[in-house]
Every structure is written in C-alpha cells, then in structure tokens.
Amino acid sequence: MLSALAPASPLAPAWERIGRVLPTLRVREEAPGRGVPAGDRWDLGGLAAGGAVLDAFLAREAGRAERDYGAPARPDVIAGFALHRVMWPSAALFTVPWFLLRRVPILSPADVLLDDEGLTVRVGGFHCLADDPAADLRGARPVDGEEALRAALRSAAAEHFTPLLETFGPLMRRRERALWGMASDELTESLTYLGGLFGEEERARHEAELLLPGSTAPYTGGAGFRELTDDRGRRHTTRDRISCCLFYTIRPEDTCLTCPRTCDAERVERLSGIR
C-alpha cells in the first residue's frame, strides 16, 4: 500500500510485491524533505545520531525481548537485536527493487522511517541500467551493465549502513569486520528470503552470490551458499552466517539454522525434517 502523501516512484512495483508476500513489511512512500515524524515511527537518521532517540528504541527492544523470551538480555545483545530490526528491512529496500526491477534506490538513514507495520521511504533518486525505460526520469542515475549496477547497490547500501554501524557497533562490542559481516548477512538473507516468497529462491541465491562474491569491501565475506546431503541422498542448501545474533545467550539450546555454531549434522537433521 502506497501513501497518498507522495506519487509512486519507479521503485513502487517492488514495494508492492514485498507487501503482498510479507504483509508485516509494508513499504510506503512519502515526499522527500518532510520533517521528522510524530508518533511511533523511528527515523533511522535519528537512531544513527544516537542520544535519547536511540535510548528509547533500545529500551523498547529490551522490553520486547524480555516479553517474547521470558528473560532479560545483555545490553550488547539488545543492541544487536535492535540493529537487525533496522537493517534487515533496510537491506530489502535495496535488494528487492534490484532483483525485481534492476533499480536501486538512493536512501540515507534519514530517508527511512520504521514502524510496527513496515517502512516509510523518501526516494530522492535511484540507479538503473542505461536501457531502463525509467533512465530518463528525474532522479535516475543510469549505469552501464549488470556489474556496474551491482556495484551501485553495494555502494548505496554501504552509505546507508555506515552511520548505523558506527553508532551501534560500540554498543554491540563488535569491531568493523564483524559489523560488515552483519551487513553482508542482511543483504543476502533479505534477498533470498523474499526471493523464496516470490517463488524464485534459486535465482535469488544465484543473484546474491553475484552481488556478494566475497571480495567486495567494505563487506566481509559473501553469500557463500553450500550444499549438504542427507542419508537419503537429498541435497539441502545452507550457508554460514558471517555474524552471530547471540540469541544463544538467551536460549543456549536454540541456535539459528545458519549460525556458525550449528554443526552440519544438526543442519541436515533439521532441514530433512522441514522438507
């Protein structure tokens, strides 16, 4: 659903597809240049700036974690949960329009507002291929070829993520390499998760590996998919997350399927049960 506050941008078809397959992540558009919103919407620029806005967001996340998991979490774990709550949907803003439309928005943190229903975005410009029908529109920045567009996505996302990582990193007790590994994970997993919901999981994995082959600074690592075979000869795709969400500090027995702490034997057992 698009807001009536702004005309639909050339990214709108991708926003609409996200909302259809994942109703908890509605993406709305708002005219650029509007002031900081009132109400329960979090300006990512405000979060990146730190201070009282960030403190309130972290306190909200701490309350949510204790309510959901029945135990308080360490402050560094809460900071990691909070950054993931911001970065995963933000990553989707870059990966999904590229995957579906070959268009990449240019968004600073202040151009993105987070609420419990999804995101509001203020699109001022976008990258696209030179032969895209939208290349002549206002705000378009055409590039020559697919690799140039992938580079534009990596650069645009990095510019968006940098102030957030700089603010959250010390709270998470993470250094630069680990933080950019988290950025790699969010780009990869936003693309492959939503690609699966679109019915294009295999293409999404292939595109993720082209986007993040593992040698694209500042990102740490790459998409890195690999296959495991169960005792019936069935093959299952997995990857090792570069970063760890530290959920095991709350529930040691419950690790993510792609967590570096989850051994291959457990992955095969769980994947075989799912399928």
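Here is a short chat about the structure above, which is a predicted model.

Student: How many bridges join β2 to β4?
Tutor: Two bridges, and the strands run antiparallel, with β4 covering residues 112-115. In one example, D43 has L113 of β4 as its bridge partner.

Student: Switching to aromatics. How many pairs does a search of the whole structure find?
Tutor: The search finds five aromatic pairs. In one of them, the rings of W42 and F57 have their centres 5.1 Å apart and their planes at 65 degrees, so the pair is edge-to-face.

Student: Where are those two in the chain?
Tutor: W42 is in strand β2 and F57 in helix α3 (residues 52-69), so to speak of sequence, they are 15 residues apart and the pair links distant parts of the chain.

Student: Is W42 buried or exposed, and what about F57?
Tutor: W42 is buried, with a relative accessible area of 12%. F57 is buried too, at 2%. The cut-off for buried is under 20%, which is why both get that label.

Student: What is the geometry of W88 and Y193?
Tutor: That aromatic pair is edge-to-face, at 5.9 Å centre to centre and with 70 degrees between the planes. W88 lies in helix α4 (residues 75-101) and Y193 in helix α6 (residues 176-197), so the pair ties together parts that are 105 residues apart in sequence. W88 is buried, with a relative accessible area of 15%, whereas Y193 is partly exposed at 44%.

Student: Which residues form an aromatic cluster?
Tutor: Y69, F81 and F247 form one cluster.

Student: What about charges over rings? Where does R17 lie, and where does the charged end of R203 sit?
Tutor: R17 lies over the face of F198, at 4.5 Å from the ring centre. The charged end of R203 sits over the ring of F99, 3.7 Å from its centre.

Student: Now the backbone. Which peptide bond is cis?
Tutor: The one from A217 to P218 is cis, with omega near 5 degrees. P218 is found in the loop between α7 (201-211) and β8 (225-229).

Student: What is the phi of R102, and what is it for R173?
Tutor: R102 has a positive phi of about 60 degrees although it is not a glycine. R173 also has a positive phi of about 60 degrees, and it is not a glycine either.

Student: Last one: what is A130 in contact with, beyond its neighbours within four places in sequence?
Tutor: A130 is in contact with A135, P142 and V143. A130 lies in the loop between β6 (126-129) and β7 (140-143).

Key. Residues numbered from 1 in each chain as written. Predicted model: local features only at pLDDT ≥ 70, side-chain atom pairs only at ≥ 80, totals over all residues. Heavy atoms only, no water. Pairing = 2+ DSSP bridges. Helix = DSSP H or I, 4+ residues; strand = E, 2+ residues; numbered from the N terminus. Contact = heavy atoms within 4.5 Å. Phe/Tyr/Trp six-rings, centres within 6.5 Å; stacked < 30°, edge-to-face > 60°. Buried < 20%, exposed > 50% of the residue type's maximum accessible area, 1.4 Å probe, protein only. Lys NZ or Arg CZ within 6 Å of the ring centre and 35° of its normal.
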